[in-house]
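Dear colleague,

Please find below the structure that I am handing over to you. My notes on what was found in it follow directly after.

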Amino acid sequence: MAGGPDTPSVPEPSEGQSPRIGVDEWVASVEGRRDRGSGVTGYVRSELERVPRPAFYLAFGIAAALLPAFTSNGYVIRVGFNTLLYMLLALGLNIVVGYAGLLDLGYVAFYGFGAYGYAMLASPKFGIHWDTLAVIPVVVVATAILGFLVALPSRRLVGDYLAIVTLFFGQLFVTVYTNGERMSFLGFTRSYDVTGGPNGIPNVDNFNVFGHKIESLQAYFYVALVMFLAVLAAVYLVERSRTGRAWMSLREDPLAAELMGMPVNRLKLVAFAAGAAIAGLTGTVFAALNTAVFSADFDVPTLIIIYVILILGGAGTLGGVILGALVVNVSLEVLRTPGHATWVFYTLIVGTLVARLRPWRWLAAVVAGTIGLGFAVHAIVAATWSAGVDGQPAVGGILGSGLRHWVVLPASPRTIGNVAFIGLVFAVLLLTMLRGALRKVALIPTLYLTAFVWENRLVVEPSITRLILIGVILIVLMNARPQGLLGSQRVEIV
Amino acid sequence: MLRRVGLVAIVAAAAALAIVAAAAARPASPAAATVSCSKPVQIGMMAPITGPVSSIGDDQLHWAEFAVSRWNANKAHKVKLKLVQGDTQLQASLASTVAQSFASNGSLMGVIGPAGSDEVQAAGPILMKAGLAFASGSATRVSLTGGAFKGYFFRDVPNDGVQGPTDATYMTSKLGVKAGDTVMVVDDQESYSTGLADIVGPALTAKGITVDRESVSQKATDFSALVAKITSSVKVVFLPFQVASEAQLFAQQAQAQGKTAVIFGSDGTFDSKNFTAGNYVSFFAPDVTTIVADSSTVAAFNQQYPGGTSPFGAPNYVLVQMYGVAATAACKAGGGKLSRTSLRKAFATVSLPVTILGTPIKFNAAGDLAGAEFHIFKIVNGKYQTVQ
Amino acid sequence: MNWNLFLTELVSGVTHGSVYALIALGYSMVYGILKLLNFAHGDIYMVGSFIGFGLITVFGGAEALSTSIWLLLFLMFFCAMLGGGLLGVLIERFAYRRLRNAPRIAPLITALGVSFFLENAALLVLGAQYQSYNTFAWKGGELWRKGFTLPSGVHVALAQIIVVIGAIVLMVFLTLFVQRTQLGKAMRATSFDREAAAMMGIDVDRVIVATFFIGSALAGAAGVFNGLAYQQVWPYMGFQAGLYAFIAAVVGGIGNLPGAVVGGLVIGLAQAFSIGYISSTFSDAIVFAVLIVVMVVRPSGVLGRAAVQKV
């Protein structure tokens, strides 16, 4: 057992008493010391360890609640709202994937069902305008029933077969709702416009509580926050209950769970229904703020983001849901702007160098070498081929003018940039295969090539670069920490 | 366990930092806030730059960037422009987020886009509330203009209400489709396509023509199964597709299966390089690549952005020009200062007699293209010939 | 009975199904050995397709081919398979190798990351526009004029024949390889039980690399086949194809190679017939509904064997 505050420490041998045979006290206590950490960090960690987890969730809740007080920038609040929605969705998916271990690839269909359900019950589409406090429970229960129905045929399925059936269901949902403006019952009845097809359902009502309309972005942010905290509290309590523990046993080893007497089928059904209910709830808030629903929002790309958030944060942990959503969604938005993306990019590179390149002599040598190589190459190119340095850097100011003299910026960078990009990919792969001093020396031209590709090709197309960077970050993070940021390492029984 | 705690502590610290940083962010710009015209005027561009419809959005973006660089390179233009891109992936929720980021950007004065009619529906209220004009080169749903977005939303392509009846009338009057014949209408499940199909279909049915309404996903790569359903009573197949090469594939597979029905494409398929196997295509302007006056422009574009183009691109070039003209006028009237309202009002009155599209571009009161009419082109030996 | 419609749908379904089957084979092979759902597989298919397109451009473009069709086809297949295989090996080496023993969901996300990277790198470098093989213009349309005609007037073109025969040839090679060669036997052993295979002296790393190479080469070939019959090439084509291939592999019984072929054909035929006979609008929905029923009736896939759970 690893040492910690609860493990009794090994007693030191008292003066004069001869050491016990076969026992090395120092070695025996090394686990405890290692886990405690050394110095200040170790002390801080062990103190934080004692804080119960709900305190962290509360701290997060307070921090999030203060956000609109600090800024009136609509974009920031909107991103905050989106992040909260993703947190809610990941929370629901966490029950299905993280607790019960069921791979549900159609989860986003429940989200869409909830959104469309709200839209159908509170918009001019069918002329129904129910009060919000009536619509939300109806939609949530309906989505839970849908989750239950989807789970019914899935009881016999395990692993990837379950994934496939749920994927089918998700695609079925999108297809039906995209073509739902011409639905007729097997061609026997006339066509009905049920879901608005690709035109969706516009003019959905805002939330309407006791006659009081909720219209501003800030108000929706708070609504989403309150919903999230409420669901978080509920899931936290469930995690600690019998059902939660039963789910975890189902995840770790379904066969053993069944032999231990867990009602495996019932657990699967309840997990699906609970996840679906949370997704339905999220859908209603989404529909109310956007005042329009379209089927394209509930397709595989959204599902991918929810999964990435969940796994990156650490499936099965609640803190991971919060952290994952913050990291992924905020990165996606921050990387949209070329200026911010440049700062993030260079900071990541410099940060990785500082963190991984030891000793300091090598770090200084690599940085100096890169800068020197850059100026040298720039001078050579400027002397021989004038069109090679005519371009403009993307950022202005001091950094921009520095970059202009350091990086080669051709006037028409597209083809050269593309070739350099492919070259850079291979260079980086080669770099990971080298070792020792050779690797550190090879870093220098690679770094310069990276700056070249960034300035010439990547920063010019920020929307594409954003996704390339996300892809690279995913690969690197999952390789470095497969259990997710806050997850714990598991051994999976296949 | 301990490291997990440490990570959460780090996150809390980062969140606190983020809050402080966000606190330093500028407040949202009201519509009347002014910027100085001596710095480049920022115009936002909302398009599906990545994602399944990226062939359209990427092209729109490139034409807009090309227009901005040419505008800025022209020494006669005192007011410079700068394009800020926002990738919406044709999803309405992302469009709302991007619209919010534009709205909160105090230096951003006008918007080009969104590209999809759904996105206009979703993002419109946000842009309106921020006082931004938004002009699209591809959102053609009829209900978008003259309604809630009046005065804010413009488009320099005609809406489906102009194209649909023109195409339907041509089929009945010139192509000899009579009552009792069948016309197959195939849409690609996107709102541009279904909107057009929903107008052409009933227009034909009203004349006693049977309409066989089919639908394929835009992601489909094989139409041979659908082509097999073209019977001998089908006189015309109408393809309001968004992607020209898909219409091309459909036409080629129809030919391979020996079908003799006339293949009629809409303006989404108007691409003299990619859609050459069909029989007819409609467009509201002459072919950009055949207008002699434009050949140098097109050549310069192809040099900078090789790989081909689409009919949705050139209208965005025109929109940038219009914003440039509007910004110049508003700056002059505002004494060197520009606000969103002044730009919007100037934009509504811009009239370009000569454009790369070969027709003059001007907005009517509802924000639609004034005097829009559709031309029909016949494809002969892979070349487009104007027939109406 | 409208034989014309029936046979056309049959031909269409078999052709399309062959392409799906090839991609699904690669999926199934990798899954069988590593239990990994390789979401980047569709993007390898896309890269193979682009390699073929690049070769067409090198030889003068579709309208003005400067060499014989057969030589061009051979080169396209060779290069696309080689390129696809190498790409698959690279991906395995740098993205998946460290995650061999991690819970299966971690390599899933890594595969998603690789997929994002490949799709958007292709978007960046190759541009977003659809490109076309335009086989209808090759040497005046030889590939589509030639062929044979079925009894009720249905013309089966040479291009479609090449796709189906080519897919069959590749599958036969694969089966012979897996059944008759040493490396094939090692692959089968490793997919059965990786640890035991290692203990028997099989170099598991080498086997995995070989699996990725072959599976990805098949995907590359499928890319060229797709371009041959369906013309279009663009950066996001792998997304949908990968999805269908995944479905085909699982429906046929994942890890099972003949099952992948059956699954691909089932999907191709189901699509063709539902478009032809029921409704093109809801054809996707119908295919999915049918497959749900299949999965519920046979939970391990059509040809899958119920795995014996070892305690």
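I begin inside chain B of this predicted model. Helix 6 of chain B covers residues 191-205; its 15 residues should span 21 Å at 1.5 Å a residue, and its end C-alpha atoms are 21 Å apart, which agrees. Because 12 of those 15 residues are buried, helix 6 of chain B is largely enclosed by the rest of the structure. Among the buried residues are B:Tyr192, B:Leu196, B:Asp198, B:Ile199, B:Val200 and B:Leu204.

Chain B as a whole

The secondary structure of chain B consists of 11 helices and 16 strands. Its C-alpha trace spans about 70 × 65 × 40 Å along the principal axes. For 388 residues, a compact globule would have a radius of gyration near 21 Å, and the 23 Å of chain B agrees with this. Buried residues account for 60% of the 388 residues in chain B. Of the contacts in chain B between residues at least 6 apart in sequence, 72% join residues at least 24 apart.

Two local features of the chain B backbone deserve mention. Most residues other than glycine have a negative phi, and most peptide bonds are trans. The peptide bond from B:Gly113 to B:Pro114, however, is cis, with omega near -10°; B:Pro114 is placed in the loop between strand 4 (108-112) and helix 4 of chain B. B:Gln89, a residue other than glycine, has a positive phi, near 50°. B:Gln89 sits in the loop between strand 3 (81-87) and helix 3 (92-104) of chain B, and it counts as buried because it has 23 C-beta neighbours inside 10 Å, where 20 or more are required.

Chain C as a whole

Chain C contains 12 helices and four strands. Its radius of gyration is 20 Å, close to the 19 Å that the globule rule gives for 311 residues, so chain C is as compact as a globular protein of that length. The C-alpha atoms of chain C fill a box of roughly 60 × 45 × 35 Å along the principal axes. Of its 311 residues, 60% count as buried. Residues 24 or more positions apart account for 77% of the contacts in chain C with a separation of 6 or more.

Within chain C, the axes of helix 1 (residues 3-34) and helix 6 (residues 158-180) come within 9 Å and cross at roughly 35°. The crossing of these two helices of chain C is left-handed. Residues making the contact include C:Val14, C:Ser18 and C:Leu22 of helix 1 of chain C, and C:Val163, C:Ala167 and C:Met171 of helix 6 of chain C. By class, this contact between helix 1 and helix 6 of chain C has 12 nonpolar, three polar and no charged residues.

Where the chains meet

Chain C touches chain A through 41 of its residues, which are in contact with 42 residues of chain A. On the chain C side, helix 3 (69-96), helix 4 (105-126), helix 10 (237-251) and helix 12 (283-297) each give two or more residues. Helix 4 of chain C gives the most, with 14 residues. This side of chain C divides into 31 nonpolar, six polar and four charged residues.

The contact between chain B and chain C takes 29 residues from chain B and 30 residues from chain C. The elements of chain B that give two or more residues to it are helix 2 (54-73), strand 8, helix 7 (224-227) and helix 8 (244-256). Helix 8 of chain B provides the largest share, five residues. The side of chain B that touches chain C divides into eight nonpolar, 15 polar and six charged residues.

One residue of chain C with a contact in chain B is C:Gln231, which touches B:Leu249 as well as C:Ser132, C:Tyr133, C:Asn134 and C:Thr135. C:Gln231 lies in the loop between helix 9 (204-230) and strand 4 (232-233) of chain C and counts as buried, with 25 C-beta neighbours inside 10 Å. C:Asn134 has a positive phi of about 50° although it is not a glycine. C:Asn134 belongs to the loop between strand 1 (131-132) and helix 5 (142-145) of chain C, and it is buried, with 23 other C-beta atoms within 10 Å.

With kind regards

Notes:
Residues are numbered from 1 along each chain as its sequence is written. Chains are lettered from A and ligands numbered from 1 in the order in which they are written. This is a predicted model: local features need pLDDT of at least 70, side-chain atom pairs count only at pLDDT 80 or more; totals for chains, interfaces and linings use all residues. Axes are lines fitted to C-alpha atoms, for helices over the stretch in contact, and angles run from 0 to 180 degrees between N-to-C directions. A crossing is left-handed if the near helix is turned anticlockwise from the far one by less than a right angle, and right-handed if clockwise. Two residues are in contact if their C-beta atoms, placed from the backbone, lie within 7 Å. Ala, Val, Leu, Ile, Met, Phe, Trp, Tyr, Cys and Pro count as nonpolar, Asp, Glu, Lys and Arg as charged, and the others, Gly among them, as polar. The radius of gyration is taken over C-alpha atoms; the globule rule is 2.2 Å times the number of residues to the power 0.38. The expected span of a helix is 1.5 Å times one less than its number of residues. Lists of a residue's contacts leave out its neighbours within four places in sequence.
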